[in-house]
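Here is a short briefing to read alongside the model. Keep the viewer open, and follow the points topic by topic.

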Amino acid sequence: MKNVLVTGGAGFIGSNFIHHLLRAERDVSVVNLDALTYAGNPDNLQDVADDPRYSFAQGNICDAEFVEGLLRERQVDTIVHFAAETHVDRSILGPRQFIETNVIGTFTLLEAARKFWLQEKTLPLESVRFHHVSTDEVFGSLAPGEPAWTEETPYAPNSPYAASKASSDHLVRAYGHTYKLPYTITNCSNNYGPYQFPEKLIPVIILNAMEGKPLPVYGDGQQIRDWLHVEDHCEAIHLVLKRGAPGSTYNIGGENQPANLTIVETICDILDEIHPESPHKPHRNLIQFVTDRPGHDRRYDMDTHKISTELGWRPRHSLTQGLLDTVQWYLSHPEWVTAIRQKHEYQGWMEANYKSR
Ligand code: NAD
Ligand code: DAU
């Protein structure tokens, strides 16, 4: 792992991963390929912009010529592929971009890696790795009492987002099987933490609650997600890159399965506690049950036995402390928040998603 290409590094998890990698590895060179869509934010990496080990290349993963040029120019031996359209609600309102980026974009990267690593044989095969970052949503939805998903659970994606991620996982696996491309895949549960774009549940709730706005809970709020702190996810990916067996997939999860409503109430209680003078106290009064997400998955739960027994990984953050730290992060980064919320695109999305709910 000398010359690493991170795709989607200006997004939430990608930027946390670049921070993690630069902290953990001294002799590494990282190029961040990101199209800077609405979700990409160069501010997330402001503090490493001058690090000589880091560089930024603005471009689209669907642009074959650009991607191939980058692999050659930087002699890339490791690809860590985060770039994607990631919001389930956006995939319901407009699925096409999810097919473009998540399916065609992943295919384009795979083709570039096949040419550069397997056909031109520029680097020793044992030194290269294509790591694909995927999601637990490819497995569908669990009924109450059903066992957690393992790496062997058949795929049953329900949303256009989940189907596009499942397609990309299948392509990665097929390139490994057919062309012997050395790959690993991780399927991870819901992340939270610093730099998460404020369209996802936790930052939406924190920011609305701070301003005394309604807190939108879809349906009955009893849907269950498996919450993982983003730093735990980054550590797991790093470990898989170093010690994971090529051709393997690993589940990653947070060992936390609260209902959405519990997450929302916990954030309200944290704000009551750290802002006792707030005019919006008790923040729980702001909760509003709104129209459910179409096809809403009911329950996610990841069996992380494989990564814990093979690689010794376990999440280090408790949800209680992780949520408190996350609330404090958003409170202490008002410029970051304001810069996003001032954008026309963001305001348009919030209106499109919430106004008629
Ligand atoms: P994000 O939406 O915060 O960021 C996505 C990044 O990809 C942005 O910087 C964006 O500019 C970039 N991007 C989008 N389209 C691109 C394109 N065509 N070319 C180049 N760059 C492009 O996403 P995230 O939440 O950080 O998720 C990162 C990855 O992790 C995704 O693959 C997602 O499916 C996966 N994942 C996310 C979660 C989660 O809870 N957020 C959980 C499991 C897996
Ligand atoms: O499970 C992993 C996935 O987690 C990732 O692959 C996705 O990229 C990521 O977006 C996330 O998907 P979810 O749909 O689970 O995350 P979101 O934060 O959008 O929603 C979490 C839960 O909260 C879900 O059950 C829907 C609900 N929700 C969401 C929003 C935005 C609400 O009740 N109100 C809201 O306003």
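**Ligand sites and fold at a glance**

Strand 8 (residues 215-218) gives the largest share of the shell around ligand 2, namely three residues. Please keep in mind that this is a predicted model.

**Around ligand 2**

- The shell of ligand 2 holds 23 residues, and the closest are Asp136, Tyr161, Arg293, His296 and Tyr354.
- Sorted by class, this shell around ligand 2 has nine nonpolar, eight polar and six charged residues.
- Tyr161 places a polar side-chain atom 2.6 Å from an oxygen atom of ligand 2.
- With Thr86 the backbone takes part: a polar backbone atom of Thr86 is 2.8 Å from an oxygen atom of ligand 2.
- On its own, ligand 2 has 690 Å² of accessible area, and the protein covers 95% of that.

**Around ligand 1**

- Which residues come nearest to ligand 1? Of the 28 residues around ligand 1, they are Ile13, Asp34, Thr86, Tyr161 and Lys165.
- By class, the shell around ligand 1 splits into 13 nonpolar, 13 polar and two charged residues.
- Strand 5 supplies the largest share of the shell around ligand 1, with three residues.
- A backbone N or O atom of Phe12 lies 3.0 Å from an oxygen atom of ligand 1.
- For Ala35, a backbone N or O atom lies 3.1 Å from a nitrogen atom of ligand 1.
- Thr86 turns up here too, this time through its side chain: a polar side-chain atom of Thr86 lies 2.7 Å from an oxygen atom of ligand 1.
- Ligand 1 exposes 830 Å² when taken alone, and the protein buries 96% of that area.
- The elements that give two or more residues to the shell around ligand 1 are helix 1 (12-24), strand 5 and helix 5.

**Residues named for both ligands**

- Thr86 has a polar side-chain atom 2.7 Å from an oxygen atom of ligand 1, and a polar backbone atom of Thr86 is 2.8 Å from an oxygen atom of ligand 2.
- Tyr161 is among the residues that come nearest to ligand 1, and Tyr161 is also one of the closest to ligand 2.

- Seven strands make up an open sheet with parallel pairing, in the order 3-2-1-4-5-6-10.
- Strand 3 (54-58) and strand 10 (248-252) are the edge strands, each pairing on one side only.
- Neighbouring strands of this sheet are turned by 20° against each other on average, with direction ignored.
- Strand 1 (residues 3-7) and strand 4 (residues 78-81) run parallel and are joined by four bridges.
- Within that pair, Val6 has Val80 of strand 4 as its bridge partner.
- Helix 2 (residues 64-74) packs on the sheet, where it touches strand 1, strand 2 (29-34), strand 3 and strand 4. The direction of helix 2 makes about 170° with that of strand 2.
- Helix 5 (residues 160-179) packs on the sheet as well, touching strand 5 (129-135) and strand 6 (183-188). The direction of helix 5 makes about 155° with that of strand 5.

**Backbone details to check**

- Lys281 and Pro282 are joined by a cis peptide bond, with omega at about -5°.
- Pro282 sits in the loop between helix 8 (260-274) and strand 11 (287-290).
- Gln75 has a positive phi, near 50°, in a residue other than glycine.
- The loop that holds Gln75 runs between helix 2 and strand 4.

Conventions
Residues are numbered from 1 along each chain as its sequence is written. Chains are lettered from A and ligands numbered from 1 in the order in which they are written. This is a predicted model: local features need pLDDT of at least 70, side-chain atom pairs count only at pLDDT 80 or more; totals for chains, interfaces and linings use all residues. Side-chain values use heavy atoms; hydrogens and water are left out. Two strands pair if DSSP finds at least two bridges between them. Axes are lines fitted to C-alpha atoms, for helices over the stretch in contact, and angles run from 0 to 180 degrees between N-to-C directions. Contact means heavy atoms within 4.5 Å. A residue is near a molecule or strand if one of its heavy atoms lies within 4 Å of it. A polar contact is a pair of N or O atoms within 3.5 Å; within protein, one must be able to donate a hydrogen and the other to accept it, and residues adjacent in sequence count only if both atoms are side-chain atoms. Accessible areas come from the Shrake-Rupley method with a 1.4 Å probe; for residues, only the protein chains shown count as cover. Ala, Val, Leu, Ile, Met, Phe, Trp, Tyr, Cys and Pro count as nonpolar, Asp, Glu, Lys and Arg as charged, and the others, Gly among them, as polar.
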